[in-house]
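User: Could you walk me through how to read a few features of this structure? I'd like the general idea each time, and then the case at hand.

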Amino acid sequence: MIALALLVLGLFMLQRLGVNLLPDIIFPDVRVRIVDSGVPASIMEDKVTRQLEEQLAITEGAISVQSRTTESRSSIDLSFPYGTDIDVALRDASNRLDRAKRFLPDSIEPPVIYKRDPSQIPVIEFIVSSNQKTPIELRSYADYQLSKWFINLPGVASAELGGGLVREIQVILDQQRLAAHQLNFKDIETLIYNENRDIAAGRIYTEFDELSTRTDARFESLDELAQLSLISDTTQQVDDAVKLNEIADILDTHEDERVSIRLNGLEGVKLSIQKQPQANTVAVVDAVNQRITQLKNEQLIPEDVQITPVDDQAVFIKHALNNASRAALIGAFLAMLVVYFFLGDLRRTLIIGTAIPLAIVITFIIMEITGLTLNIMTLGGLALGIGMLVDSTIVMLENISRHQQSHQLQDADSPALDPALQAANEVNSAIVASTSTNLVAVLPFLFMSGLAGLLFKELIITISAAIVSSTLVSLTIVPSLAARLKQVTQKKPKKIFISIANAYEKFVHFIIKHGWLPFVILVPALFFSTQHILNEKKIFLPQIDEGRVYLKISGEPGMRLNEMNNVVDKIETLLLKDKEVITIFSTIGGSVFGRSQRESSNSSLIKIQLTSSSQRSMTAQQWITYIKPKINALNLIGIKTRLFVLGFRLGKSDEKISIRVQGENLQTLNQIGNQLIEQLGSVDGIRNLEQTYEENHKELKLKVLRQRAADLGIKASDIGYALRVALDGVLVSDYIEDDREYNIRLRLSRSAMLSNDDLKHILIKHHNGQAIYLNEVARLEFSASPSVIERDNQQRVVEVTASLINDDDLTQVMNKVDEQLQNFSLPEGYFLYDGGDNEAIKEGRDMSLILFSLAIFLVFVVMAVQYESLKNPLIILLGIPFMLIGVAGGLYFRELPVSMPVWLGLIMLSGIVVNNAIVLVEQIGIERKAGLLLNKAISHAARLRLRPILMTTITTVVGMLPLSIGLGDGAEMLQPLAVVIVWGLSFSMLVSLILIPVLYRLFHAE
């Protein structure tokens, strides 16, 4: 009944577990974004970035402050050590930001501050398009109707729109008419603002009522706005007042399109759905899709509106989790086949079949208690643990079966309880010892910091929970069920098993007399295997192939949006012809995230979704190599393209290779960047060399003629205001229609501002009845302005970035880079350092070696406590290093680099490979206590333990085999770990069967 209760409780807990692609990862970063439209990068740096850095840098616990300043935008990234409570850090940084606001310009948009949380990435994005609605109508429909249907769905945090054309009321001024009536831009702004207001006036108390009052002066129609009277000092009568439509055109139009969004060439509006942090990704996406289906069925979505998903996280998650689940089920089935093959008894095989799901549901209970979710790591942990789940149960069941077969019961009606108890007592200590070593081997990894610790913590907890669960089942349920099986007929062991056992016993008897022979073969093999692992290509984490490729397009500075549109159109046409491409999602002229928009007319980003990895003939990286020459063949003059697959950011830079030089002068940093590119151009293995300041924007500056301006009573702020009105316009009020609010913008016509001469004739103010124009108080100058300014720890830096060719070994490439830069000289006060992934890889490798050594030490301590001596634990421990021979073979034949999953596999192996040796050494001790001589005890114990060693090893190997093959989506992350365990454990089994008897004979010489 207890087992049944656990089964029901585990299934209940399974329903409560969240579903995500990866464990919940919140990076220790806080980010601040500030936008001030039209402001050059140099001014943004001085007025915004520096002020923010000074305040944010003193946030408690902050270890790094980085910033990137571009035209109109300032981005500051604040980094903390891994393990920091990022919510507390965010609160402290928000307080610092509030203090900094008093130093910031009034023209900025409200600052945005947030933590770097992958859960904030939209779980699904749609493109909303229509073949009948105008772009303005489509945006309004999506904004005010469609998006509202998703906000209250369970688990949905927000539904945000980007792109499209937003309705706007524009007042296009006529400067000549303004001048004729002695009016200026500010007069019109003040008038519209004052005349379009509802003003609360207090309460009036009548004999019977108390009423609130207000001045109702909002425009009820655009005609009312157009008929607004402009009363000036020269107006004699109200009838003489000039109407607004006499000096301006009132247009019901849209905001300037600065960023264009389209799917497969069709323009539309992007709808992004974000989930709540703890919500189930798959459940949220399913709820959203169900709501869309419901709206269509109820005809609440017009027939002309198409809603097309472009980025659905749930699709890949479902595929990846299905593959992981399938790998676990196949592994369990194969493990049961192995058990049946060795035991030849269906009933005993079903005992194992009962133990596996029971251990798994107990694992689900532990996962729910510890707050884990179902993701690649936890399901992968179960898939990896399937083989390990049955190890303890096999040892227990095989020993009970052997004892039952050796005790022929005289009374057929008496239960076979005594031999079962005897058998259980024999292996209890061995099972506890092997379980303890498995647990302590992976325990150090829980203390690993950094990204690897965040990623693999849930994997380790799941595997540990599975090991504990299987041990509990093997010590309780399995003996109970096995003891109740009556041995009605005595089955003879298969001849093949008898022959193998006899041959192995003779071999052991021979090998312990020639103890030097195994070392002659194994020691040289261990040396070469270690060298191979140390010299193998090293990466931090494998790249998960989601089939998502990004194409970044950069044009010449100052490139107009329509020109960039034409370039993107040519590339889209090429990509859509490729059979591997499903969708192409293009953001032209900048980027859009939720409602935040970054404008850059000479840059675009295309998100390419390829077919599933199982349906593709090449990986995403191979597809990049294949498509790159075709894009180059388009001969797009002045255009740079860069294809990449987005991965985890490990260093300070988004690129794998980043060389940074810190200094003060931008011109000097630019020269250093150019010299570094020239110096590194000959290094093999790198491509796409770029430096921060290689692109400069042309900037038109207005130098105020101060004396002349003072004589005319004009301030610099008057000139700046007039220029802003003329070019981008200013928001002066809002217009409400049908409970919807639209901006009213005051500006000049675009057609009136097409040349420098047009700028010179911008109206500033009036002086003594005379109109004053820009060319009277300022002169125009052209200059080069940096398109971006990067800073690190409040100092300017130039960053030289590059990508690897064919995903080469980063460590080896960086060694070549270091050699090339040995004699590179820098001016005084300038400092060069590495900002890429190389340091993170080195730190991960060093920490892994420490944890590997710690795991082996803990395994030795546990065995020493278990045996109350050092001799037997030392025998068992000496067999661990030889597993590297099998690991090296697996990495070589599967062509896998050394990554964090490989190190994790090695750490796990250090606890797993001792299981066979423990069982064998325990049995040798039992045989010696029975009175056998040393050599006979060793060979006889080896014969008895051959079958359980083969069974436990083969079941573990076949259980992990589906995962080690790496088929299906999402298998890339855990495949190296599975390969390490499969190959390492397979070879260590041979070591246990051959080397452990020899070592035991050497340490226990009579």
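Analyst: Gladly! Two strands count as paired if DSSP finds at least two bridges between them, and the elements themselves are DSSP runs numbered from the N terminus, with helices (H or I) of at least four residues and strands (E) of at least two. Before we go on, this is a predicted model, in which local features need pLDDT of at least 70 and side-chain atom pairs count only at pLDDT 80 or more, while totals for chains, interfaces and linings use all residues. Residues are numbered from 1 along each chain as its sequence is written, and side-chain values use heavy atoms, with hydrogens and water left out.

User: How many bridges join E7 to E25, and do the strands run parallel or antiparallel?

Analyst: Strand E7 (residues 167–173) and strand E25 (residues 740–748) run parallel and are joined by five bridges. They belong to an open sheet of four strands, ordered E12-E7-E25-E24, with mixed pairing. Strand E12 (248–254) and strand E24 (730–737) each have a single partner strand, so one side of each has no neighbour in the sheet. On average, neighbouring strands here are turned by 25° against each other, direction ignored.

User: Which helices lie across E25, and how do I read their angles?

Analyst: Axes are lines fitted to C-alpha atoms, for helices over the stretch in contact, and angles run from 0 to 180 degrees between N-to-C directions. Contact means heavy atoms within 4.5 Å. Helix H4 lies across E7, E12 and E25, at about 140° to E25. Helix H22 (residues 716–727) lies across E24 and E25, running at about 110° to E25.

User: Which residues of H4 are buried, and what covers them?

Analyst: Buried means under 20% relative accessible area, exposed means over 50%, and partly exposed is in between (1.4 Å probe, protein chains only). In H4 (residues 135–146), the buried residues are Leu138, Arg139, Ser140, Tyr141, Ala142, Asp143 and Leu146. Their cover includes E5, E6, E15, H9 and E16.

User: What is the strand order in the sheet with E6 and E15?

Analyst: The order is E6-E15-E5-E16, an open sheet of four strands with antiparallel pairing. Its edge strands, E6 (156–162) and E16 (305–312), each pair on one side only. The twist averages 20° from one strand to the next. E6 pairs with strand E15 (residues 269–275) over six bridges, in the antiparallel sense. Within that pair, Ala159 stands opposite Ile273 and Glu160 opposite Ser272. Five of the seven residues in E6 are buried. Helix H9 (residues 281–297) lies across E5 (124–130), E6, E15 and E16, at about 20° to E5.

User: Which residues have the most contacts inside the largest nonpolar core?

Analyst: In soluble globular proteins, nonpolar side chains tend to be buried together. A nonpolar core is a set of buried Ala, Val, Leu, Ile, Met, Phe, Trp, Tyr and Cys residues joined through side-chain atoms within 4.5 Å. The largest one has 162 residues, and those with the most contacts inside it are Leu146, Phe150, Leu271, Ile273, Val288 and Phe456. Helix H32 (residues 975–1003) gives the most to this core, with 15 residues. Another core, of 46 residues, lies apart from it and includes Val730, Leu748, Ile772 and Val777.

User: At what angle do H29 and H32 pack, and how far apart are their axes?

Analyst: Two packed helices are described by the angle between their axes and the distance between the axes. Helix H29 (residues 900–912) and H32 pack at about 35°, with axes 8 Å apart. A crossing is left-handed if the near helix is turned anticlockwise from the far one by less than a right angle, and right-handed if clockwise; the crossing of H29 and H32 is right-handed. Their contact includes Leu906 and Met908 of H29 and Val980 and Ile981 of H32.

User: Is Arg262 buried or exposed, and which side chain does it join in a polar contact?

Analyst: Arg262, found in strand E13 (residues 260–263), counts as buried because its relative accessible area is 7%. A polar contact is a pair of N or O atoms within 3.5 Å; within protein, one must be able to donate a hydrogen and the other to accept it, and residues adjacent in sequence count only if both atoms are side-chain atoms. Here the side chains of Arg262 and Asn565 are joined by a polar contact of 2.9 Å.
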